[in-house]
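Here is a quick tour for anyone meeting this structure for the first time. Have a look at the sequence and the 3D view, then read on.

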Amino acid sequence: MLYKNKFMIAVPAALLLGGLATSSQAATLDDVKERGSLNCGVNVGLAGFSSPDSDGNWQGLDVETCRGIAAAIFGDPEKVEFTPLTAKERFTALQSGEIDVLSRNTTWTATRDNSLGLNFTVTTFYDGQGFMVDKDLGIESLEDLDGASICIQSGTTHELNLADYFPSRDIDINTVTFDTPDQTAQGFAHGRCDVLTSDTSQLSALRLQLPEPDSVEILETLISKEPLGPVVRQGDDQWLDIVQWSIFAMINAEEMGVNSDNVDEMRDNPPNPGVARLLGDDGNYGEQLGLSDDWAYNIIKGVGNYGEVFTATVGEDSPLGIKRGLNALWNEGGILYAPPIR
């Protein structure tokens, strides 16, 4: 007791408070298990990434990411509750503990990663900021936007990107801000502005909401890098690892040719040691995460590998029809890359 008292006196109060805060944050997995479901923050409605269907069931790339995490924890991808959040609300909801993970087409930046008490995990979609215009305007380059008004969503990196790009090139623009993607698209559709700017993936989704989608085009020029992916609170390394490796498992599965259709066969007869490790037949990788050994099997069986999810939500089998591009695997011309499970 005497040693403990001396220690208490010697340690600054701020450090003790920091330690207590870390301990209180370091139980996300326990909280999720006790609750019986994962709380996931998503977009209020962005086709391809997170939006409810006519029956209220959430769909999209960001949604399936959360279902994958739930499958890793519970063996059931449906044990997840979705909280729709605007760009302004998203970080506060995560910081306050209202959600366990934010999976909401959110760009990874230094300020967000270093000053908000949050950790970005894995880039699930590599994107960039682009521009959508009426074809009749005959816009051929961004220099043609001099004097244009641009619809933009507030609380996003897009505002800063515009401020960086256009003044340095002596191009005058006026911005018209809205709170949600839907409002931004409606503002563009009703002539509140000449141009709509956002990530190109979001532009592809918003284009489908316009009265005449074929009357507009998305310009080829991009003005930024927008690595999008899930975010968690700082102070819980185990939870960070679980979110990261749930996504890495989906990427590795695609690379190894393991999908939701053949995962049972692959588990029963692994073609190589890498597949055996991925599906829990070799090693204790689930135990290292605090999960069962079949954590990755459950993800792939219940949700699919990354390629399956991409194709169904934003790719060729979806209304968006986005090409893989940078989001193709590293050995297929893209930059999608996951650390090995070994």
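What follows walks through the model, one part after another.

## Before we start

This is a predicted model, in which local features need pLDDT of at least 70 and side-chain atom pairs count only at pLDDT 80 or more, while totals for chains, interfaces and linings use all residues. Residues are numbered from 1 along each chain as its sequence is written, and side-chain values use heavy atoms, with hydrogens and water left out.

A word on labels: helices (H or I, at least four residues) and strands (E, at least two) are DSSP runs, numbered from the N terminus.

## The open sheet

Let's begin with an open sheet of 5 strands, in the order E10-E9-E11-E8-E12 and with mixed pairing. Two strands pair if DSSP finds at least two bridges between them. At the edges are E10 (173-178) and E12 (216-218), each of which pairs on one side only. From one strand to the next, the twist averages 30°. Angles here run from 0 to 180 degrees between N-to-C directions, using axes fitted as lines to C-alpha atoms (for helices, over the stretch in contact).

In general, strands of a sheet pair through backbone hydrogen bonds, either parallel or antiparallel. You can find both kinds here: E9 and E10 run parallel and are joined by 6 bridges, whereas E8 (residues 129-134) and E12 run antiparallel, with 3 bridges. To find your way, look for Gln-153 opposite Phe-178 in E10, and for Val-133 opposite Glu-217 in E12.

## What covers the sheet

Helix H8 (residues 181-189) packs on the sheet and touches E8, E9 (148-153), E10, E11 (195-199) and E12. Contact means heavy atoms within 4.5 Å. The direction of H8 makes about 160° with that of E9. Helix H9 (residues 200-207) lies across E8, E9, E11 and E12, and runs at about 125° to E11.

How much of E9 is buried? 6 of its 6 residues are, so E9 is largely enclosed by the rest of the structure. Buried means under 20% relative accessible area, exposed means over 50%, and partly exposed is in between (1.4 Å probe, protein chains only). In a regular strand, side chains alternate between the two faces of the sheet. Both faces of E9 are covered, with Ala-148, Ile-150 and Ile-152 buried on one side and Ser-149, Cys-151 and Gln-153 buried on the other.

## A buried helix

Now over to helix H4 (residues 61-74). Its 14 residues should span 20 Å at 1.5 Å a residue, and this agrees with its end C-alpha atoms, which are 20 Å apart. The expected span is 1.5 Å times one less than the number of residues. Since 13 of the 14 residues of H4 are buried, H4 is largely enclosed by the rest of the structure. After H4 comes Gly-75, with a positive phi near 75°.

## Rings and charges

A search of the whole structure turns up 9 aromatic pairs. Rings of Phe, Tyr and Trp (its six-membered ring) pair if their centres lie within 6.5 Å; planes under 30 degrees apart count as stacked, over 60 as edge-to-face and the rest as tilted. Phe-125 and Phe-310 are stacked, because their ring centres are 6.0 Å apart and their planes are at 10°. This pair links distant parts of the chain, with Phe-125 in strand E7 (residues 125-127) and Phe-310 in helix H15 (residues 306-313), 185 residues apart. Phe-125 is buried at 3% relative accessibility, and Phe-310 is buried at 1%. Together with Phe-49 and Tyr-306, they form one aromatic cluster. The charged end of Arg-324 sits over the ring of Phe-310, 5.1 Å from its centre. To count, NZ of Lys or CZ of Arg must be within 6 Å of the ring centre and within 35 degrees of the ring normal.

Trp-245 and Phe-248 are an edge-to-face pair, with centres 4.9 Å apart and planes at 75°. Both lie in helix H10 (residues 237-256), 3 residues apart, about one turn of the helix. Trp-245 counts as partly exposed at 21%, while Phe-248 is buried at 10%.

## Two loop residues with positive phi

Most residues other than glycine have a negative phi. Asn-105 has a positive one, near 25°; it is in the loop between strand E5 (101-102) and helix H6 (110-115). Asp-170 also has a positive phi, near 55°, and is found in the loop between helix H7 (157-165) and E10. Buried or exposed? Asn-105 is buried, with a relative accessible area of 10%, and Asp-170 is exposed at 67%.
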